Amino acid sequence: MIETIIRYIVIAIVLGVIGEVISHLSSSKTTDENISTKHYRVKAPAVLKYACMSQFILGMIMFIVFSYFYLKGNETVEMGHLYVSSIFGAIGLYGVAWASKWGVKVDGSQLEIHRIFRIKKVLSITDIGQVIIDKKDAMILYDKMGKKLIKIDALSDNYDYLLNLLKSQNIKILNKHLK
C-alpha cells in the first residue's frame with residue numbers, strides 16, 4: 001500500500017518535471033512586437049496553453065492532497081481519488097505538450113506544419129490547392145490533391161498573417177459561412 005503511494009508520488013514528481021521542461025522549451029518567443037510578415041509561426045492561442053497548465057497543476061495539487069488524506073487513513077479517500085487526479089493532471093500535461101508543439105512555421109514561401117506525434121511536414125505555398133474558411137472562421141488547408149493538411153482556428157496567433165499571405169499568393173479561398 002505504501003509502495004503504491006510512493007510510486008504515485010514519484011509519477012507526480014516526474015510529470016511535474018516534464019511539465020516544467022515543456023514550459024521552458026516553449027517559453028522562447030517565436031514572434032516579437034516587430035513581427036516580420038515573411039517569417040512567423042502560427043500557433044495555438046496562449047490562453048489554451050495556460051489553461052492546460054492550470055489543469056495539470058490542479059491535478060497534481062489534488063493528487064498531493066488526496067495522498068495526504070489517504071496516508072492518514074481517512075476512510076472517505078480511496079485509490080480512485082488518486083487515479084482520477086493523476087489522469088486529470090496527465091490530460092492537462094498532454095494539452096500543454098500539444099499547444100507547445102502544434103503550429104505552422106512560415107518562412108517566406110515555405111510552410112512547416114508541426115503536429116504532436118507526427119513528423120513535421122514541409123511544403124511550399126504553391127503546394128496548397130485550396131483553403132476553406134468554415135462557419136467558425138477556422139482555416140482548413142488542402143494540398144493540390146485535395147488532401148487535408150491542417151485546420152487552423154481563427155483564434156490562433158498570427159492567423160491573419162497566414163490568411164493574408166495565402167490571399168497574396170492567389171490561393172483559392174472558399175468562405176463556407178457566406179453560403
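1. A word on terms first: a residue is called buried when its relative accessible area is under 20%, and exposed when that figure is over 50%. Please keep in mind as you read that this is a predicted model.

2. With that in hand, have a look at helix α2, residues 46–71. Which of its residues are buried? They are K49, C52, M53, F56, G59, M60, F63, S67 and Y70. An α-helix has 3.6 residues a turn, so residues three or four places apart point the same way.

3. Just past the end of α2, G73 has a positive phi of about 90 degrees. T76 sits in the loop between α2 and α3. Is T76 buried or exposed? It counts as exposed, because its relative accessibility is 59% and the cut-off for exposed is over 50%. Ten residues separate T76 from F66 along the chain, and their C-alpha atoms are 10.0 Å apart.

4. Helix α3 covers residues 79–101, which makes 23 residues. From first C-alpha to last, α3 reaches 33 Å, close to the 33 Å expected at 1.5 Å a residue. Its buried residues include M79, L82, L93 and V96, along with the glycines G89, G92 and G95. Just after α3 comes G103, with a positive phi of about 160 degrees.

5. The largest nonpolar core has 25 residues, and I128, M139, L141, I152, L162 and L166 touch the most other members. Elements giving two or more residues to this core are β1, β2, β3, β5, β6, β7 and α4. The top contributor is α4, with five residues.

6. Apart from neighbours within four places in sequence, I152 is in contact with V42, W102, V104, A138, M139, L141, Y159 and L162. There is also a second, separate core of 15 residues, and C52, M53, Y70 and V77 are among them.

7. Lastly, the second largest pocket, with a volume of about 150 Å³. Its lining is made up of I113, H114, R115, R118, I119, K120, K121, K147, K148 and L149. Both β3 and β7 give two or more residues to that lining. How many of the lining residues are charged? Six are charged, alongside three nonpolar and one polar.

Notes: Residues are numbered from 1 along each chain as its sequence is written. This is a predicted model: local features need pLDDT of at least 70, side-chain atom pairs count only at pLDDT 80 or more; totals for chains, interfaces and linings use all residues. Side-chain values use heavy atoms; hydrogens and water are left out. Helices (H or I, at least four residues) and strands (E, at least two) are DSSP runs, numbered from the N terminus. The expected span of a helix is 1.5 Å times one less than its number of residues. Buried means under 20% relative accessible area, exposed over 50%, partly exposed in between (1.4 Å probe, protein chains only). A nonpolar core is a set of buried Ala, Val, Leu, Ile, Met, Phe, Trp, Tyr and Cys residues joined through side-chain atoms within 4.5 Å. Contact means heavy atoms within 4.5 Å. On a 1 Å grid over the protein atoms alone, a cavity is a set of points where a 1.4 Å probe fits but cannot get out, and a pocket is an open set with protein on both sides within 12 Å along at least five of seven lines; lining residues have an atom within 4 Å of a point. Grid points are joined across faces, edges and corners, and a volume is the space filled by probe spheres set on the points. Ala, Val, Leu, Ile, Met, Phe, Trp, Tyr, Cys and Pro count as nonpolar, Asp, Glu, Lys and Arg as charged, and the others, Gly among them, as polar.
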